[in-house]
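Work through these exercises with the structure open. Try each task before you read its solution.

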Amino acid sequence: MRPLLQGSDRQGTPAGTPRPPLGGPHPTPNPTLTARRGAAAAMRSSGRAVGTGHARKIVCVGGGPGALYFAIAAKRRDAGLDITVIERDPPGATYGWGVGYGDDLLDHLYRNDPGSAEAVRAASALWQDQEVRRGEETVYLGRYGYSIARASLLDILTRRAAELGVDVQHRRKVDDLAEFAEADLIVACDGASSRVRQLHGDHFGTRLEVGRNPYIWLGTDKVFPRFTFAFEPTPAGWIWFYAYPSSAEISTCVVECAPETWRGLGLDTLDTADGVRLLEQVFVSALDGHTLLGRSRGEPARWQHFTEVRNATWCHDNVVLLGDAAHTTHYTLGSGTRLALLDAIELAHSLYTEAELPAALQAYDRRRRAALHPVQAAARTSMAWFEHLDHYLEQELVDFAYAMSVRQGAQAPWHYQLHRATQVPVLRRVRREANTGLRRYLALRRGERVLGAGSTTGRAATTAALAAPAGHQR
Ligand SMILES: Cc1cc2nc3c(=O)[nH]c(=O)nc-3n(C[C@H](O)[C@H](O)[C@H](O)COP(=O)(O)OP(=O)(O)OC[C@H]3O[C@@H](n4cnc5c(N)ncnc54)[C@H](O)[C@@H]3O)c2cc1C
């Protein structure tokens, strides 16, 4: 294996170079990159080699958010890298609908590449408050967050990667790695069923665990203003969805139930179109009569079982796992994309600061697996909570919603009092205002320009962003 970083005459650095169009000029310095460049300079002056002017070849298998963001983060640190991203699907085609995220991810994105961060923020919907419905009853949770259509996210990241000189190839499926013998590094970003991971047999120590409940990832033309959980009783048992806006016209809607309910309703035998019509009837009130959208990537969405992916190590020789190929976390945590992007940043950082490829991969493996541990544990708890829902549904709705909101761990007693207070409309408004203040402060702190002081609604931001070309859901 060739060392990846071996000379001292690095070509190009992220900071100080003119930004390409999507990057655009940005008023705030990039503290992370500045600090990292400082560390690199210190290592150079101490005689340790960092960076190189060689053409170093990196191939990313899979063109999801993890691969694209790794390519961006790596090129931002070293423009001389030769990076190819290989995706089996055509541009704009993707599975699933919107993905949710929080302020902490925006902070990371702004630090690493402000231009694409701004585009992501502009294309995202903001949701304020969560609503928990059981039949016709409703209670509230005082939270906010963002979500973005997966197709828009991929479009933004693909354009940005291409601007930075990454060779993004679509419609090319990777079946074996022989064709990449020249590559210094192969990054397996090909999702939870990673072909690259499988090609290495037992080397990664992969463990797969399949969840109990079936789920289906749908869209709906109802735009939910709040993140909404809706639980409906049926003769076959409870069925529920999680829905949140992902663009100005579309919300994401993930439907889940126990396997007994699934079979009892006949969802195991109906084709997707008929199953979706049945779900529209079950959720007619929660959806206000709107339709569910059951096609994604040009194909009917399918019922699936979540599979937790764990690996004992994320690197082997010159192959490294990233994102869902390395780990998955149950969708009720809403953090798989975030984790893939954080992996991407860490791998780019390790390659940039470590002098040898093995050391870089080991540093990445060590740091990210340590960070992932508690998140994956929380995701397992969250999945188990929804798998034992019947027990909690006997409670009053306000208590049920609270139990759901704290399912990952105990909270201080005042948290429960705050939750009860949130049910009073005037106090809910006060809490929302406090969240808005916090959100604006965080936006200002990271140098967000799209929203300035965060003065607009998700709908306005989304509408503005949708004026820009974006990939279409297929
Ligand atoms: C129902 C549901 C809801 C979710 N909601 C959220 C959420 O709200 N927030 C969040 O952060 N995350 C969410 N996630 C998780 C998120 O979708 C994933 O964690 C994220 O997409 C992982 O990114 P990735 O780049 O690692 O892999 P992927 O996005 O899976 O990308 C892998 C890519 O590799 C390509 N590929 C696969 N095999 C090959 C091959 N052999 N050759 C070439 N290309 C190949 C695929 O076509 C795909 O484009 C959710 C997941 C589910 C199932």
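Two residues are in contact if their C-beta atoms, placed from the backbone, lie within 7 Å. Keep in mind that this is a predicted model.

**Exercise 1. Threonine 252**

Task: Find the strand that holds threonine 252. Then decide whether threonine 252 is buried or exposed, and list what it touches.

Solution: 
- Step 1. Threonine 252 sits in strand S11.
- Step 2. Count the other C-beta atoms within 10 Å of threonine 252: there are 27. The cut-off for buried is 20 or more. Threonine 252 is therefore buried.
- Step 3. Skip residues up to four places away in sequence. Threonine 252 then touches Trp97, Gly98, Ser147, Gly219, Ala243, Tyr244 and Ser246.
- Step 4. Look at tryptophan 217, 35 residues from threonine 252 along the chain. The C-alpha atoms of the two are separated by 7.6 Å.

**Exercise 2. The partners of S8**

Task: Trace strand S8 (residues 206-220). How many bridges join S8 to S15, to S11 and to S12?

Solution: 
- Step 1. Start with S15 (residues 304-311). Seven bridges link S8 to S15, in the antiparallel sense. Here glutamate 209 faces glutamate 308.
- Step 2. Move to S11 (residues 251-257). S8 and S11 run antiparallel, joined by six bridges. Threonine 220 lies opposite serine 251.
- Step 3. Finish with S12 (residues 292-293). Two bridges pair S12 with S8, again antiparallel. Glycine 219 has leucine 293 as its bridge partner.

**Exercise 3. The nonpolar core**

Task: Which residues touch the most other members of the largest nonpolar core? Which helix gives the most to this core?

Solution: 
- Step 1. The largest nonpolar core has 116 residues. Cys60, Phe70, Ala71, Val320 and Leu322 touch the most other members.
- Step 2. Helix H9 (residues 336-353) gives the most to this core, with 10 residues.
- Step 3. Now zoom in on cysteine 60. Beyond four places in sequence, its contacts include Ala67, Phe70, Ala71, Ile83 and Val187.
- Step 4. Nonpolar side chains tend to be buried together in soluble globular proteins.

**Exercise 4. Around the ligand**

Task: How many residues surround the ligand, and which element gives the most to this shell?

Solution: 
- Step 1. The ligand is surrounded by 32 residues. The closest are Gly62, Gly64, Gly191, Gly323 and Gly336.
- Step 2. Helix H2 (65-77), strand S3 (98-101) and H9 each supply at least two residues of the shell. H9 gives the most, with four residues.
- Step 3. Sort the shell by type: 12 nonpolar, 12 polar and eight charged.

Definitions and conventions
Residues numbered from 1 in each chain as written. Predicted model: local features only at pLDDT ≥ 70, side-chain atom pairs only at ≥ 80, totals over all residues. Pairing = 2+ DSSP bridges. Buried ≥ 20, exposed ≤ 12 C-beta atoms within 10 Å, placed from the backbone. Core = buried A, V, L, I, M, F, W, Y, C linked by C-beta atoms within 7 Å. Near = placed C-beta within 6 Å. Nonpolar A, V, L, I, M, F, W, Y, C, P; charged D, E, K, R; others polar.
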